[in-house]
Amino acid sequence: MTNTKPLLKIRDLQIDGISDETRSRIINKVSLDLYPGEVLGLIGESGAGKSTLGLAGMGFTRDGCEIVGGSIEFDGIDLVNSPLEKRRRLLGSRIAYVAQSAAASFNPSHKIMYQHTEAPVFHRKFSRIDAETDAINLYRRLRLPQPEMIGFRYPHQLSGGQLQRAMTAMAMSCRPDLIIFDEPTTALDVTTQIEVLSAIRDIVEQFSTAAIYITHDLAVVAQMADRIKVLLRGDEVEENTTRSMLKSPRESYTKSLWAVRSFERKQKPPAKTGATPVISLKNVTAAYAKNDPVVRDVSFDIHAGRTVAVVGESGSGKSTTARCITGLLPPLTGSISFDGTALPPDYRQRSNEQLRQMQMIYQMADTALNPRKKIGEIIGRPVEFYLGLTGREKRQRVEELLAQIELEPTEFIDRYPAEISGGQKQRIGIARALAAEPKFIICDEVTSALDQLVAEGILRLLTDLQDKMQLSFMLITHDLSTVRAIADEVVVMKDGIVVESGPKNDMFTPPHHAYTDLLLSSVPNMDPDWLDNLLASRGADNIGDAAIEKMNKN
Amino acid sequence: MGILSIIIKRLGLGVLTLFLVSIIIFLAVNMLPGDFAQALLGQAATPEAVAAIRADLGLDRPIANRYFDWLVGAARGDFGTSFAQANFSAYVGENSSSNYGSVATQLAPRFANTVFLASVTAVIAIPISLAIGILAALYRYSIFDRVANVSTLTSISSPEFFVAYILILVLAVLNPLLPSLSNIFDGMSFAERLEKTLLPALTLTLVVTAHMMRMTRAAIINLLASPYIEMARLKGLSPFRVIVVHALPNALAPIINVVALNLAYLITGVVVVEVVFVYPGIGQLFVDSVKIRDIPVVQACCMVFASAYILLNLLADIMAILSNPRLRIPK
């Protein structure tokens, strides 16, 4: 490989971001070489500059970004200084892009096929007829259902996983030499992700296309890339072949990324038989529209000081169950009791005391905090509302709470949410829930919007708080590594039904329910041969949507 | 919800709106000082003459009865007879119930003229506004964009009669290209009509362009940060294609709404321009009727205006639904 010329050559690239007249460096002297047919993985946390670097590989910068130094060469063409027209001729035809959210990146106004054939027709690579025939072939290769028909639908008629594969097909439409994949599976469920991953890898191998694969997920990049480059706030940390990088990361930052996945708390002994659960659901059925229940006959208990993880993919009814518990969505049938007494189904009929005992932490800390209130006011509000503290007592309590979530009280109490980081915002969300001094907290995907290192910190904080205060958690998540890290019991949901429930250790050891098995087997792990082995052992027909379809038929 | 059920629901609401509008207008005109008899007779009115005319027209009856009579008639499609006509017929001794002076026969040709003027204006103004809006979005922050914005804003900010006289000065007086009077009558050929209508239509074009053009520009620019626009750019498409093929179809809903509002304005709000060009449209009839408290005509005009608003807005909503595949084609 080293004796051929690199396809993409980036040298000492510097990119600045400009907002409100302040400049900040987004990419700081990064160089890379990509050879024909090679896949380079770019990993790093949010703000590392992965996407900016990936787009720079196309000679493209987003509005507000500016290349201030260095060079980008694609197949001998200078992408920094060439005229716009010349660079534009490369885009779509020789360099293609696959975006993070296919649902947002397909134009809702045009059919998939029109968008697929647009680039080849515009760049005069193929006629429309040829491009359509080729599209159908690609759809078949990517295992899309009804390949002859699917292109003639509008984007909203396809599922997320199907759209992501259709977008990969669209990127191949001109048979480019290089494709930039920008977190193509981050927004997908695990069982869908694996299908898209295998589809992408197949097609990249078959056409020996070079690719830059951007992701924050190490296990994913391990399956996809020949080499990995680690970025941290615009700087290159290190680069190595995938296997050496996984075996022996050199830099301490890389090692810390690797280590995150090792956090796991021991499962607590099961609650004594006969103990009254803090929360108990009995045969709960709930619906948004009449005669179309979203959760059916759901029953489970949550005991004091324990964490029950409710696991499932999007649309499985996890969040609806939480809405039933909080009383936002009164169930059609079934009952919910707290400490042995039945709760009124509607939150408006619950007493202040009942409301206080049950708090919630949200997925998007960003949108769950009022941007116009200071941290002290955000946490102080429930302190005053539920406990009736005011003035100095209230402030003292807020300071205690801040100390509990490991933030320096005097430093944070007068700040606005915009002035703190994502992880800190999530900690404020936790403090706000704690302020009511509840027994039970619902954690709705609390770590899924956070980088892995930060997420780990949040999980550790939650377990510490649980041990100190005997809190019970209902942990809603789709991420099985989070489950492994802090759950005591697991409830697996699919299509509104509980398919399996039990202690964590039983969950993670076979035999499983078929769906649990599919979920577990779909979580990538750090072994670069994992995907090959899985495909070899199961066959392409037994992963992802195809497997679920089979399961539903049985 | 299907389009048909939306249409039915909205038409039902539209009828309700018309009913409320008719009550409000009826009450409002009655609350104005004076009535038709006083307005007609002026300062020389003797109480006897006023009372005679009132009795003739039924103005001496209680307001509720009069409204109810009107409502029953209107429900059957009979908008009655204009007071002026009725009074004239009574004076010359004809039967006041004859069809000769009904509001409908009086209104119909005026309304047709107004629709003609609005159509000519729309045919000129809509393509121009869309084109300028698209180009302004394409070359945003350029000289073209600024000139387009400033000039359209200037024309919308100037009083209509001022714009009208400037156009008369430039296109009729200094360069005698178009007639300055738009006296339209029956039996004119289409070409003649068009020529007479062109100057008021151009005036109105200058008045409505700014609104539509700015909405087109804003709706498109609003979408330029969306991921699918970035995707289109990353396919190497030309900027013009990105805007026309990828941004415009998704910007149609707000644009259609503004176009509908402006069309409604063209039907209901063009009195000043009609006066300047002596154009025999519905606006002038309306103002004259209010002046002499000719309630049947005022009522009928208001029903026409309100219907125009309701139908054009309904049309806009239906077109917005049809322009959006997510609403048009269920999952």
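**Notebook: salt bridges and a nonpolar patch**

I began with A:Glu400, which counts as partly exposed at 41% relative accessibility. For this scale, buried means under 20% relative accessible area, exposed means over 50%, and partly exposed lies in between (1.4 Å probe, protein chains only).

I noted that this is a predicted model, where local features need pLDDT of at least 70, side-chain atom pairs count only at pLDDT 80 or more, and totals for chains, interfaces and linings use all residues. Residues are numbered from 1 along each chain as its sequence is written, chains are lettered from A and ligands numbered from 1 in the order in which they are written, and side-chain values use heavy atoms, leaving out hydrogens and water.

**Salt bridges**

Side chains of opposite charge can pair when their charged atoms come close. I searched for salt bridges (a side-chain nitrogen of Lys or Arg within 4 Å of a carboxyl oxygen of Asp or Glu). The whole structure holds 37 of them over all chains.

Which residue pairs with A:Glu400 in a salt bridge? I found A:Arg397, with the closest N and O atoms 3.1 Å apart. A:Arg397 is buried at 13%. Helices here are DSSP runs of H or I with at least four residues, strands are runs of E with at least two, and both are numbered from the N terminus.

I then looked at A:Asp346, which bridges to A:Arg348 at 3.1 Å between the closest N and O atoms. A:Asp346 is buried at 13%, whereas A:Arg348 is exposed at 62%.

B:Asp69 is partly exposed at 40%, and B:Arg61 is partly exposed at 35%. I also noted one network in which bridges with shared partners join A:Glu38, A:Arg227, A:Lys229, A:Glu236 and A:Glu239.

**Chain B**

I counted 15 helices and zero strands in chain B. Of its 331 residues, 44% count as buried. Its C-alpha atoms fill a box of roughly 85 × 60 × 35 Å along the principal axes.

Which helix of chain B gives the most to the nonpolar patch? I found helix H8 (residues 160-174), with eight residues. The patch includes B:Phe161, B:Tyr165 and B:Val272, and its residues have about 820 Å² of accessible area together. Accessible areas come from the Shrake-Rupley method with a 1.4 Å probe, and for residues only the protein chains shown count as cover. Patch residues have over 30% relative accessible area and no salt bridge; like charges are joined within 9 Å, nonpolar side chains (Val, Leu, Ile, Met, Phe, Trp, Tyr) within 5 Å. B:Val272 lies in helix H12 (residues 271-277) of chain B and is partly exposed at 37%.
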